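Subject: Structure handover

Hello,

Here is the structure I promised to pass on. Please open it next to this email and follow along.

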Amino acid sequence: MKLSMWMIANRLAPLMDIRTEIHKDARPILSSARLAYATNCVHVYAEKDYVVYEGEDGDRIQIYNLSVLEAFEILQGVFDYYQDWEARVEEDVRKGNYRDIIEQTEFIFRNPILIQDGNTKVLAMSHVDKLESMDSEWQYIARYGYSSLNSIYQIEYENLEPENRESCSVFHWKQKVENSFHGISKALYIGNTECGRISVVERGHAVNAGDVQLLDRLGQILQPYIGIAMQNQVRPENPLYDYLFEHSEDKEKVLRQLAHFGWSEDENFEIALLDPEGMDNGMNPTKARNVIEHAIMHNFSGCFVMQKSPYVIILTNRNLYRDRVFQTFLVSFTEQNSVYSSFSLQVRGIENIPCLYRQAVYALEAGRRDSRLMEEDELLRHIFRFGSYASRFIIEAPDMQDKICACHPAVVRLWEQKVRKGKTEPYDTLKTFLESERSIQRTATEMYAHRNTITYRLGKIQSILKEDLDDPELRMYLLLSMMILEMQQSREEAGEKCFSEAAGK
(Lines give C-alpha, C1' and ligand atoms only; values in the text may rest on other atoms or scores of the structure.)
Protein backbone atom coordinates (compact mmCIF):
# COMPACT_ATOMS: atom_id res chain seq x y z
CA MET A 1 0.00 0.00 0.00
CA LYS A 2 1.45 3.37 -1.04
CA LEU A 3 1.44 6.13 1.58
CA SER A 4 1.65 9.90 1.55
CA MET A 5 3.47 12.04 4.06
CA TRP A 6 0.05 13.11 5.36
CA MET A 7 -0.91 9.49 6.07
CA ILE A 8 2.37 8.90 7.86
CA ALA A 9 1.90 12.05 9.95
CA ASN A 10 -1.66 11.04 10.89
CA ARG A 11 -0.43 7.70 12.20
CA LEU A 12 2.44 9.22 14.18
CA ALA A 13 0.67 12.29 15.62
CA PRO A 14 -1.24 10.51 18.43
CA LEU A 15 1.92 8.65 19.49
CA MET A 16 4.69 11.27 19.61
CA ASP A 17 5.63 14.92 19.22
CA ILE A 18 6.23 15.75 15.56
CA ARG A 19 6.66 18.82 13.37
CA THR A 20 5.39 18.78 9.79
CA GLU A 21 6.07 20.69 6.59
CA ILE A 22 3.88 18.94 4.02
CA HIS A 23 2.33 20.29 0.82
CA LYS A 24 -1.46 20.09 0.64
CA ASP A 25 -1.31 17.94 -2.48
CA ALA A 26 1.29 15.44 -1.25
CA ARG A 27 0.31 12.20 -2.99
CA PRO A 28 0.29 8.56 -1.75
CA ILE A 29 3.34 7.41 -3.76
CA LEU A 30 5.72 6.33 -0.99
CA SER A 31 6.48 2.61 -0.70
CA SER A 32 9.00 2.25 2.15
CA ALA A 33 11.61 3.85 4.44
CA ARG A 34 15.28 4.24 3.38
CA LEU A 35 18.44 5.40 5.15
CA ALA A 36 19.66 6.65 1.79
CA TYR A 37 17.64 8.59 -0.78
CA ALA A 38 15.53 6.53 -3.20
CA THR A 39 12.72 7.59 -5.52
CA ASN A 40 9.22 7.34 -4.01
CA CYS A 41 10.61 6.35 -0.61
CA VAL A 42 11.00 8.23 2.66
CA HIS A 43 14.59 9.24 3.37
CA VAL A 44 15.45 9.03 7.10
CA TYR A 45 18.41 11.06 8.39
CA ALA A 46 19.58 13.12 11.39
CA GLU A 47 19.59 16.89 11.40
CA LYS A 48 20.53 19.07 14.39
CA ASP A 49 18.77 17.57 17.44
CA TYR A 50 16.03 15.70 15.56
CA VAL A 51 15.48 13.08 12.87
CA VAL A 52 13.93 13.97 9.52
CA TYR A 53 11.53 11.93 7.42
CA GLU A 54 11.78 13.44 3.95
CA GLY A 55 9.43 12.52 1.14
CA GLU A 56 9.13 13.87 -2.39
CA ASP A 57 9.15 17.61 -3.18
CA GLY A 58 10.76 18.49 0.14
CA ASP A 59 7.89 17.31 2.38
CA ARG A 60 9.27 16.77 5.89
CA ILE A 61 8.33 15.35 9.27
CA GLN A 62 10.64 16.04 12.21
CA ILE A 63 10.93 13.50 15.05
CA TYR A 64 12.49 14.40 18.39
CA ASN A 65 14.28 12.40 21.10
CA LEU A 66 15.00 9.40 18.89
CA SER A 67 18.07 8.00 17.17
CA VAL A 68 18.08 7.57 13.39
CA LEU A 69 17.82 3.80 13.76
CA GLU A 70 14.86 4.05 16.16
CA ALA A 71 13.12 6.54 13.88
CA PHE A 72 13.75 4.28 10.88
CA GLU A 73 12.24 1.26 12.65
CA ILE A 74 9.17 3.27 13.70
CA LEU A 75 8.63 4.53 10.15
CA GLN A 76 8.96 1.05 8.69
CA GLY A 77 6.42 -0.04 11.31
CA VAL A 78 4.01 2.60 9.95
CA PHE A 79 4.34 1.12 6.44
CA ASP A 80 3.76 -2.36 7.87
CA TYR A 81 0.75 -1.13 9.88
CA TYR A 82 -1.02 0.27 6.82
CA GLN A 83 -0.17 -2.86 4.83
CA ASP A 84 -1.68 -5.04 7.55
CA TRP A 85 -4.70 -2.72 7.80
CA GLU A 86 -5.36 -3.08 4.08
CA ALA A 87 -5.12 -6.88 4.26
CA ARG A 88 -7.46 -7.07 7.27
CA VAL A 89 -10.03 -4.79 5.64
CA GLU A 90 -9.99 -6.86 2.45
CA GLU A 91 -10.54 -10.03 4.49
CA ASP A 92 -13.33 -8.51 6.57
CA VAL A 93 -15.21 -7.06 3.60
CA ARG A 94 -15.21 -10.49 1.92
CA LYS A 95 -16.91 -11.78 5.08
CA GLY A 96 -19.27 -8.79 5.27
CA ASN A 97 -17.76 -7.92 8.66
CA TYR A 98 -18.16 -4.13 8.50
CA ARG A 99 -18.09 -3.73 12.29
CA ASP A 100 -14.44 -4.86 12.44
CA ILE A 101 -13.57 -2.56 9.55
CA ILE A 102 -14.87 0.38 11.57
CA GLU A 103 -12.91 -0.66 14.66
CA GLN A 104 -9.68 -1.05 12.69
CA THR A 105 -10.06 2.27 10.87
CA GLU A 106 -11.53 4.80 13.31
CA PHE A 107 -8.27 4.81 15.31
CA ILE A 108 -6.43 6.15 12.24
CA PHE A 109 -9.08 8.75 11.40
CA ARG A 110 -9.55 9.71 15.09
CA ASN A 111 -13.14 10.57 14.12
CA PRO A 112 -16.44 8.64 13.94
CA ILE A 113 -17.03 6.63 10.74
CA LEU A 114 -20.28 5.55 9.09
CA ILE A 115 -20.68 2.91 6.34
CA GLN A 116 -24.07 2.70 4.55
CA ASP A 117 -25.54 0.87 1.58
CA GLY A 118 -27.36 2.46 -1.35
CA ASN A 119 -30.62 2.70 0.63
CA THR A 120 -28.80 4.55 3.46
CA LYS A 121 -29.03 1.47 5.69
CA VAL A 122 -26.22 1.41 8.26
CA LEU A 123 -23.78 -1.43 7.63
CA ALA A 124 -21.61 -0.28 10.54
CA MET A 125 -20.90 2.90 12.48
CA SER A 126 -18.56 4.03 15.22
CA HIS A 127 -19.71 3.64 18.80
CA VAL A 128 -19.89 7.01 20.56
CA ASP A 129 -19.90 6.91 24.37
CA LYS A 130 -21.87 10.13 24.75
CA LEU A 131 -24.40 9.94 21.92
CA GLU A 132 -25.93 13.26 22.96
CA SER A 133 -22.63 14.94 22.08
CA MET A 134 -23.26 14.13 18.41
CA ASP A 135 -25.63 16.06 16.15
CA SER A 136 -29.30 15.11 15.78
CA GLU A 137 -28.69 13.28 12.49
CA TRP A 138 -26.05 10.97 13.97
CA GLN A 139 -28.38 10.26 16.90
CA TYR A 140 -31.21 9.49 14.46
CA ILE A 141 -29.02 7.10 12.45
CA ALA A 142 -27.78 5.37 15.61
CA ARG A 143 -31.36 4.89 16.76
CA TYR A 144 -33.08 3.79 13.54
CA GLY A 145 -30.28 2.42 11.37
CA TYR A 146 -31.03 4.71 8.41
CA SER A 147 -30.42 8.32 7.40
CA SER A 148 -33.34 10.72 7.71
CA LEU A 149 -34.85 12.12 4.53
CA ASN A 150 -34.18 15.59 5.89
CA SER A 151 -30.43 14.97 5.95
CA ILE A 152 -30.46 13.41 2.47
CA TYR A 153 -31.93 16.66 1.19
CA GLN A 154 -30.10 19.08 3.48
CA ILE A 155 -26.56 17.67 3.44
CA GLU A 156 -24.53 19.00 0.52
CA TYR A 157 -21.55 17.14 -0.94
CA GLU A 158 -18.77 18.95 -2.81
CA ASN A 159 -16.40 16.68 -4.73
CA LEU A 160 -12.75 17.46 -4.11
CA GLU A 161 -12.14 16.52 -7.76
CA PRO A 162 -15.24 17.88 -9.57
CA GLU A 163 -14.42 16.03 -12.78
CA ASN A 164 -14.26 12.68 -10.95
CA ARG A 165 -17.63 11.37 -9.77
CA GLU A 166 -15.98 8.79 -7.51
CA SER A 167 -13.64 11.19 -5.73
CA CYS A 168 -14.06 12.00 -2.04
CA SER A 169 -16.27 14.91 -1.02
CA VAL A 170 -16.51 17.32 1.84
CA PHE A 171 -20.02 17.57 3.26
CA HIS A 172 -21.93 20.11 5.29
CA TRP A 173 -25.55 21.12 5.93
CA LYS A 174 -27.04 23.55 3.41
CA GLN A 175 -28.91 25.36 6.16
CA LYS A 176 -27.62 26.08 9.63
CA VAL A 177 -28.55 23.19 11.93
CA GLU A 178 -27.83 23.32 15.65
CA ASN A 179 -24.79 21.25 16.67
CA SER A 180 -24.42 19.91 13.12
CA PHE A 181 -21.12 18.31 12.14
CA HIS A 182 -19.31 18.23 8.83
CA GLY A 183 -16.66 15.98 7.40
CA ILE A 184 -15.59 13.96 4.36
CA SER A 185 -17.45 11.30 2.44
CA LYS A 186 -17.02 8.90 -0.45
CA ALA A 187 -19.87 7.61 -2.59
CA LEU A 188 -19.54 4.04 -3.88
CA TYR A 189 -20.88 3.13 -7.32
CA ILE A 190 -21.73 0.07 -9.32
CA GLY A 191 -22.19 1.21 -12.89
CA ASN A 192 -24.14 4.46 -12.68
CA THR A 193 -25.93 3.55 -9.45
CA GLU A 194 -24.81 4.69 -6.01
CA CYS A 195 -24.55 1.48 -3.97
CA GLY A 196 -23.12 2.86 -0.74
CA ARG A 197 -21.33 5.66 1.09
CA ILE A 198 -18.58 6.00 3.69
CA SER A 199 -18.53 9.15 5.81
CA VAL A 200 -16.08 10.48 8.38
CA VAL A 201 -17.55 13.05 10.76
CA GLU A 202 -15.09 15.71 11.89
CA ARG A 203 -15.54 15.65 15.64
CA GLY A 204 -12.16 15.83 17.39
CA HIS A 205 -9.43 15.66 14.77
CA ALA A 206 -9.45 18.16 11.88
CA VAL A 207 -9.50 16.11 8.67
CA ASN A 208 -6.65 16.60 6.24
CA ALA A 209 -5.37 15.24 2.95
CA GLY A 210 -4.20 12.03 4.62
CA ASP A 211 -7.74 11.30 5.82
CA VAL A 212 -9.08 11.89 2.30
CA GLN A 213 -6.47 9.52 0.84
CA LEU A 214 -7.19 6.82 3.40
CA LEU A 215 -10.96 7.19 2.84
CA ASP A 216 -10.42 6.90 -0.90
CA ARG A 217 -8.48 3.65 -0.44
CA LEU A 218 -11.10 2.28 1.95
CA GLY A 219 -13.79 3.06 -0.61
CA GLN A 220 -11.85 1.30 -3.37
CA ILE A 221 -11.71 -1.86 -1.25
CA LEU A 222 -15.38 -1.79 -0.18
CA GLN A 223 -16.98 -0.67 -3.45
CA PRO A 224 -17.05 -3.96 -5.41
CA TYR A 225 -18.37 -5.99 -2.47
CA ILE A 226 -21.11 -3.53 -1.49
CA GLY A 227 -22.01 -3.15 -5.17
CA ILE A 228 -22.37 -6.90 -5.68
CA ALA A 229 -24.48 -7.19 -2.52
CA MET A 230 -26.82 -4.49 -3.86
CA GLN A 231 -27.10 -6.21 -7.24
CA ASN A 232 -28.10 -9.43 -5.48
CA GLN A 233 -31.01 -7.74 -3.71
CA VAL A 234 -33.96 -9.14 -5.69
CA ARG A 235 -37.46 -8.19 -4.61
CA PRO A 236 -39.46 -11.31 -3.68
CA GLU A 237 -42.81 -12.21 -5.15
CA ASN A 238 -45.49 -10.05 -3.54
CA PRO A 239 -48.95 -11.70 -3.60
CA LEU A 240 -50.34 -9.06 -1.21
CA TYR A 241 -49.43 -6.31 -3.65
CA ASP A 242 -51.12 -8.24 -6.44
CA TYR A 243 -54.17 -8.77 -4.22
CA LEU A 244 -54.40 -5.05 -3.44
CA PHE A 245 -53.69 -3.52 -6.82
CA GLU A 246 -53.79 -6.20 -9.51
CA HIS A 247 -57.07 -7.78 -8.32
CA SER A 248 -55.40 -11.18 -8.01
CA GLU A 249 -57.69 -14.00 -6.89
CA ASP A 250 -54.87 -16.36 -5.87
CA LYS A 251 -55.86 -16.42 -2.21
CA GLU A 252 -53.63 -19.38 -1.44
CA LYS A 253 -50.49 -17.35 -2.19
CA VAL A 254 -51.76 -14.47 -0.07
CA LEU A 255 -52.44 -16.79 2.86
CA ARG A 256 -48.92 -18.25 2.57
CA GLN A 257 -47.50 -14.74 2.71
CA LEU A 258 -49.62 -13.90 5.75
CA ALA A 259 -48.44 -17.10 7.41
CA HIS A 260 -44.86 -15.87 7.02
CA PHE A 261 -45.77 -13.13 9.52
CA GLY A 262 -47.74 -15.53 11.70
CA TRP A 263 -51.05 -13.97 10.58
CA SER A 264 -54.35 -15.61 9.65
CA GLU A 265 -57.00 -14.32 7.26
CA ASP A 266 -59.26 -13.37 10.21
CA GLU A 267 -56.77 -11.01 11.88
CA ASN A 268 -57.65 -7.40 12.68
CA PHE A 269 -55.67 -5.52 10.02
CA GLU A 270 -54.65 -1.88 9.75
CA ILE A 271 -52.91 0.09 7.01
CA ALA A 272 -50.69 3.13 7.45
CA LEU A 273 -49.37 5.28 4.61
CA LEU A 274 -46.30 7.50 4.48
CA ASP A 275 -46.08 10.02 1.68
CA PRO A 276 -42.68 11.63 1.00
CA GLU A 277 -44.13 13.68 -1.87
CA GLY A 278 -46.51 15.44 0.51
CA MET A 279 -44.02 18.25 1.08
CA ASP A 280 -41.79 19.96 -1.43
CA ASN A 281 -38.35 18.78 -0.27
CA GLY A 282 -36.75 18.50 -3.68
CA MET A 283 -35.74 14.88 -3.21
CA ASN A 284 -36.19 12.15 -5.80
CA PRO A 285 -39.51 10.45 -4.82
CA THR A 286 -38.30 6.93 -5.64
CA LYS A 287 -35.21 7.37 -3.48
CA ALA A 288 -37.35 8.79 -0.67
CA ARG A 289 -39.74 5.82 -0.77
CA ASN A 290 -36.85 3.35 -0.74
CA VAL A 291 -35.34 5.01 2.33
CA ILE A 292 -38.69 5.00 4.17
CA GLU A 293 -39.49 1.39 3.21
CA HIS A 294 -36.15 0.07 4.43
CA ALA A 295 -36.26 2.14 7.62
CA ILE A 296 -39.69 0.71 8.52
CA MET A 297 -38.65 -2.85 7.68
CA HIS A 298 -35.50 -2.46 9.78
CA ASN A 299 -37.27 -1.10 12.86
CA PHE A 300 -40.62 -2.96 12.66
CA SER A 301 -40.06 -6.46 11.34
CA GLY A 302 -43.61 -7.46 12.31
CA CYS A 303 -45.08 -5.18 9.64
CA PHE A 304 -45.47 -5.87 5.92
CA VAL A 305 -44.09 -2.93 3.92
CA MET A 306 -44.49 -2.24 0.20
CA GLN A 307 -44.59 0.69 -2.23
CA LYS A 308 -47.32 2.05 -4.46
CA SER A 309 -46.42 5.43 -5.87
CA PRO A 310 -46.56 7.92 -4.25
CA TYR A 311 -46.91 5.99 -0.98
CA VAL A 312 -45.07 3.59 1.28
CA ILE A 313 -47.73 1.18 2.62
CA ILE A 314 -47.53 -0.54 6.00
CA LEU A 315 -49.86 -3.48 6.63
CA THR A 316 -50.02 -4.86 10.15
CA ASN A 317 -52.20 -6.73 12.61
CA ARG A 318 -51.27 -4.21 15.31
CA ASN A 319 -53.02 -0.96 16.12
CA LEU A 320 -50.15 1.24 15.01
CA TYR A 321 -51.99 4.46 15.71
CA ARG A 322 -52.11 3.58 19.42
CA ASP A 323 -48.79 1.70 19.52
CA ARG A 324 -46.42 3.75 21.70
CA VAL A 325 -43.25 2.35 20.12
CA PHE A 326 -44.46 3.14 16.62
CA GLN A 327 -45.75 6.54 17.70
CA THR A 328 -42.34 7.39 19.16
CA PHE A 329 -40.73 6.34 15.90
CA LEU A 330 -43.26 8.27 13.82
CA VAL A 331 -42.86 11.43 15.89
CA SER A 332 -39.10 11.33 15.41
CA PHE A 333 -39.48 10.36 11.76
CA THR A 334 -41.90 13.23 11.09
CA GLU A 335 -39.66 15.71 12.87
CA GLN A 336 -36.62 14.60 10.87
CA ASN A 337 -38.32 14.02 7.51
CA SER A 338 -40.68 15.89 5.24
CA VAL A 339 -43.47 13.31 5.07
CA TYR A 340 -47.20 13.00 5.68
CA SER A 341 -48.71 9.88 7.25
CA SER A 342 -52.22 8.46 7.69
CA PHE A 343 -53.90 5.50 9.41
CA SER A 344 -56.89 3.42 8.45
CA LEU A 345 -59.23 1.82 10.96
CA GLN A 346 -58.39 -1.62 12.33
CA VAL A 347 -60.84 -4.06 10.73
CA ARG A 348 -61.10 -7.86 10.76
CA GLY A 349 -60.59 -9.98 7.67
CA ILE A 350 -58.22 -10.18 4.73
CA GLU A 351 -61.07 -9.31 2.36
CA ASN A 352 -61.19 -5.81 3.89
CA ILE A 353 -57.53 -4.93 3.21
CA PRO A 354 -58.36 -3.07 -0.07
CA CYS A 355 -60.96 -1.05 1.86
CA LEU A 356 -58.33 -0.15 4.48
CA TYR A 357 -55.99 1.12 1.78
CA ARG A 358 -58.74 3.37 0.42
CA GLN A 359 -59.40 4.64 3.95
CA ALA A 360 -55.76 5.57 4.49
CA VAL A 361 -55.59 7.34 1.11
CA TYR A 362 -58.81 9.23 1.88
CA ALA A 363 -57.49 10.30 5.29
CA LEU A 364 -54.24 11.54 3.76
CA GLU A 365 -55.96 13.57 1.06
CA ALA A 366 -58.68 14.93 3.36
CA GLY A 367 -56.15 15.77 6.08
CA ARG A 368 -53.98 17.80 3.75
CA ARG A 369 -57.05 19.81 2.74
CA ASP A 370 -58.19 20.33 6.32
CA SER A 371 -57.52 23.99 7.20
CA ARG A 372 -58.38 23.33 10.85
CA LEU A 373 -55.12 21.49 11.30
CA MET A 374 -53.19 24.66 10.49
CA GLU A 375 -54.01 25.84 13.99
CA GLU A 376 -52.96 22.59 15.65
CA ASP A 377 -49.58 21.36 16.84
CA GLU A 378 -46.98 21.51 14.07
CA LEU A 379 -46.26 17.78 14.30
CA LEU A 380 -49.91 16.68 14.19
CA ARG A 381 -50.41 18.63 10.98
CA HIS A 382 -48.66 15.78 9.18
CA ILE A 383 -50.40 12.77 10.82
CA PHE A 384 -54.00 11.95 9.84
CA ARG A 385 -56.40 9.39 11.31
CA PHE A 386 -59.22 8.02 9.18
CA GLY A 387 -61.69 8.24 12.06
CA SER A 388 -61.54 12.04 11.78
CA TYR A 389 -62.96 11.87 8.25
CA ALA A 390 -64.98 8.64 8.37
CA SER A 391 -68.44 10.28 8.36
CA ARG A 392 -67.69 12.12 5.14
CA PHE A 393 -66.22 8.95 3.63
CA ILE A 394 -69.34 6.92 4.49
CA ILE A 395 -71.53 9.51 2.77
CA GLU A 396 -69.31 9.75 -0.33
CA ALA A 397 -68.29 6.10 -0.80
CA PRO A 398 -70.24 4.48 -3.67
CA ASP A 399 -69.50 0.91 -2.56
CA MET A 400 -71.48 -0.61 0.30
CA GLN A 401 -68.52 -2.74 1.40
CA ASP A 402 -66.44 0.42 1.84
CA LYS A 403 -69.24 1.96 3.91
CA ILE A 404 -69.48 -1.09 6.17
CA CYS A 405 -65.72 -1.31 6.58
CA ALA A 406 -65.65 2.39 7.56
CA CYS A 407 -68.10 1.97 10.42
CA HIS A 408 -66.80 2.84 13.87
CA PRO A 409 -65.05 -0.25 15.31
CA ALA A 410 -66.80 0.12 18.68
CA VAL A 411 -70.22 0.23 16.99
CA VAL A 412 -69.29 -2.83 14.93
CA ARG A 413 -68.33 -4.64 18.12
CA LEU A 414 -71.62 -3.77 19.84
CA TRP A 415 -73.56 -4.67 16.69
CA GLU A 416 -71.91 -8.09 16.48
CA GLN A 417 -72.77 -8.72 20.14
CA LYS A 418 -76.39 -7.94 19.34
CA VAL A 419 -76.68 -9.91 16.09
CA ARG A 420 -74.49 -12.92 16.88
CA LYS A 421 -74.85 -13.26 20.64
CA GLY A 422 -78.26 -11.70 21.25
CA LYS A 423 -76.75 -9.19 23.68
CA THR A 424 -78.89 -6.23 22.63
CA GLU A 425 -78.65 -3.80 25.56
CA PRO A 426 -75.26 -2.14 24.86
CA TYR A 427 -76.01 -1.38 21.21
CA ASP A 428 -79.60 -0.30 21.83
CA THR A 429 -78.58 1.82 24.82
CA LEU A 430 -75.94 3.72 22.84
CA LYS A 431 -78.28 4.26 19.90
CA THR A 432 -81.13 5.48 22.09
CA PHE A 433 -78.76 7.71 24.08
CA LEU A 434 -77.49 9.37 20.89
CA GLU A 435 -81.00 9.75 19.42
CA SER A 436 -82.16 11.24 22.73
CA GLU A 437 -79.54 14.00 22.52
CA ARG A 438 -77.54 12.32 25.33
CA SER A 439 -80.37 12.61 27.84
CA ILE A 440 -80.00 9.79 30.39
CA GLN A 441 -83.56 10.30 31.63
CA ARG A 442 -85.10 10.13 28.15
CA THR A 443 -82.96 7.09 27.36
CA ALA A 444 -84.16 5.37 30.53
CA THR A 445 -87.77 6.19 29.67
CA GLU A 446 -87.43 4.92 26.08
CA MET A 447 -85.84 1.67 27.23
CA TYR A 448 -88.07 1.12 30.27
CA ALA A 449 -85.00 0.98 32.49
CA HIS A 450 -83.87 2.71 35.65
CA ARG A 451 -81.68 5.77 35.28
CA ASN A 452 -78.88 4.11 37.25
CA THR A 453 -79.01 1.11 34.91
CA ILE A 454 -78.54 3.38 31.90
CA THR A 455 -75.68 5.20 33.60
CA TYR A 456 -73.97 1.88 34.34
CA ARG A 457 -74.40 0.67 30.74
CA LEU A 458 -73.05 3.95 29.36
CA GLY A 459 -69.97 3.60 31.56
CA LYS A 460 -69.31 0.16 30.09
CA ILE A 461 -69.89 1.50 26.57
CA GLN A 462 -67.53 4.41 27.21
CA SER A 463 -64.76 1.97 28.16
CA ILE A 464 -65.18 0.39 24.73
CA LEU A 465 -65.42 3.68 22.82
CA LYS A 466 -62.46 5.37 24.53
CA GLU A 467 -63.60 8.63 22.92
CA ASP A 468 -65.45 11.74 24.02
CA LEU A 469 -69.20 11.64 23.31
CA ASP A 470 -69.28 15.43 23.72
CA ASP A 471 -67.74 15.61 20.24
CA PRO A 472 -70.60 16.21 17.75
CA GLU A 473 -68.61 14.76 14.83
CA LEU A 474 -68.06 11.55 16.77
CA ARG A 475 -71.77 11.29 17.54
CA MET A 476 -72.57 11.74 13.86
CA TYR A 477 -70.05 9.06 12.96
CA LEU A 478 -71.56 6.62 15.47
CA LEU A 479 -75.11 7.18 14.22
CA LEU A 480 -74.04 6.86 10.57
CA SER A 481 -72.29 3.60 11.41
CA MET A 482 -75.44 2.26 13.04
CA MET A 483 -77.49 3.31 10.06
CA ILE A 484 -75.17 1.51 7.62
CA LEU A 485 -75.07 -1.72 9.63
CA GLU A 486 -78.84 -1.81 10.03
CA MET A 487 -79.33 -1.00 6.36
CA GLN A 488 -77.03 -3.86 5.36
CA GLN A 489 -78.92 -6.26 7.61
CA SER A 490 -82.22 -5.18 6.03
CA ARG A 491 -80.79 -5.80 2.55
CA GLU A 492 -79.53 -9.23 3.54
CA GLU A 493 -82.87 -10.18 5.09
CA ALA A 494 -84.71 -8.93 2.01
CA GLY A 495 -82.36 -10.94 -0.19
CA GLU A 496 -82.90 -14.09 1.86
CA LYS A 497 -86.68 -13.61 1.68
CA CYS A 498 -86.57 -13.23 -2.11
CA PHE A 499 -84.39 -16.32 -2.36
CA SER A 500 -86.77 -18.35 -0.19
CA GLU A 501 -89.80 -17.23 -2.23
CA ALA A 502 -88.02 -18.12 -5.47
CA ALA A 503 -87.04 -21.51 -4.09
CA GLY A 504 -90.64 -22.12 -3.00
CA LYS A 505 -91.89 -21.53 -6.52
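Is D57 buried or exposed? D57 is exposed, and its relative accessible area is 65%. Before going on, please keep in mind that this is a predicted model.

You will find D57 in the loop that runs between β4 (50-54) and β5 (60-64). Its phi is positive, about 60 degrees, although D57 is not a glycine. Why look at that? Most residues other than glycine have a negative phi, and most peptide bonds are trans.

E437 also has a positive phi, of about 55 degrees, and is not a glycine. Look for E437 in the loop between α15 (425-435) and α16 (440-447). E437 is exposed, with a relative accessible area of 61%.

Next comes a peptide bond. From S309 to P310 the bond is cis, and omega is near 5 degrees. P310 sits in the loop between β13 and β14 (311-316).

**Helix α8**

Now turn to α8, which covers residues 251-260. Which residues of α8 are buried? They are V254, Q257 and L258. Look down the axis of α8: these buried residues fall within an arc of 100 degrees, so they line one face of the helix. E252 and H260 are on the other side of α8, and they are exposed.

What do the buried residues of α8 pack against? Their partners are α7 (239-245), β12 (268-275) and β13 (304-308). Just after α8 comes G262, with a positive phi of about 80 degrees.

**Helices α1 and α2**

Two packed helices are described by the angle between their axes and the distance between the axes. Take α1 (residues 5-12) and α2 as the example. They pack at an angle of about 100 degrees, and their axes are 10 Å apart. Angles of 65 to 115 degrees count as roughly perpendicular, and α1 and α2 are therefore roughly perpendicular to each other.

Which residues make the contact? From α1 they are M7, I8, R11 and L12. From α2 they are I74, L75, V78, F79, Y81 and Y82. Sorted by class, the contact of α1 with α2 has 9 nonpolar residues, no polar ones and 1 charged residue.

**Salt bridges**

How many salt bridges are there? The count comes to 18. Here are some to look at.

Start with R217 and E86. They form a salt bridge, with the closest N and O atoms 2.7 Å apart. R217 lies in helix α6 (residues 209-231) and E86 in helix α2 (residues 68-95), so this pair ties together parts that are 131 residues apart in sequence. R217 is partly exposed, at a relative accessible area of 24%. E86 counts as buried, at 11% relative accessibility. The linking goes on from this pair: E86, E90 and R217 are joined in a network of salt bridges.

Now look at D216 and K186. Their side chains meet in a salt bridge, at 3.0 Å from N to O. D216 is in helix α6 and K186 is in strand β10 (residues 183-190), so the pair ties together parts that are 30 residues apart in sequence. Is K186 buried or exposed? K186 is buried, with a relative accessible area of 3%. D216 counts as partly exposed, at 24% relative accessibility.

One more pair is R165 and E166. They form a salt bridge in which the closest N and O atoms are 3.6 Å apart. R165 is partly exposed, with a relative accessible area of 36%. E166 also counts as partly exposed, at 27% relative accessibility.

**One buried glutamine**

Finish with Q154. Its place is in helix α5 (residues 149-154). Q154 is buried, and its relative accessible area is 9%. Which residues does Q154 touch, not counting those up to four places away in sequence? Q154 touches H172, W173, K174 and Q175.

That is the tour. Have a look for yourself.

Best wishes

Methods. Residues numbered from 1 in each chain as written. Predicted model: local features only at pLDDT ≥ 70, side-chain atom pairs only at ≥ 80, totals over all residues. Heavy atoms only, no water. Buried < 20%, exposed > 50% of the residue type's maximum accessible area, 1.4 Å probe, protein only. Helix = DSSP H or I, 4+ residues; strand = E, 2+ residues; numbered from the N terminus. Arc of directions from axis to C-beta. Contact = heavy atoms within 4.5 Å. Salt bridge = Lys/Arg side-chain N within 4 Å of Asp/Glu carboxyl O. Axes fitted to C-alpha atoms, helices over the stretch in contact; angles between N-to-C directions. Parallel < 35°, antiparallel > 145°, perpendicular 65-115°, else oblique. Nonpolar A, V, L, I, M, F, W, Y, C, P; charged D, E, K, R; others polar.
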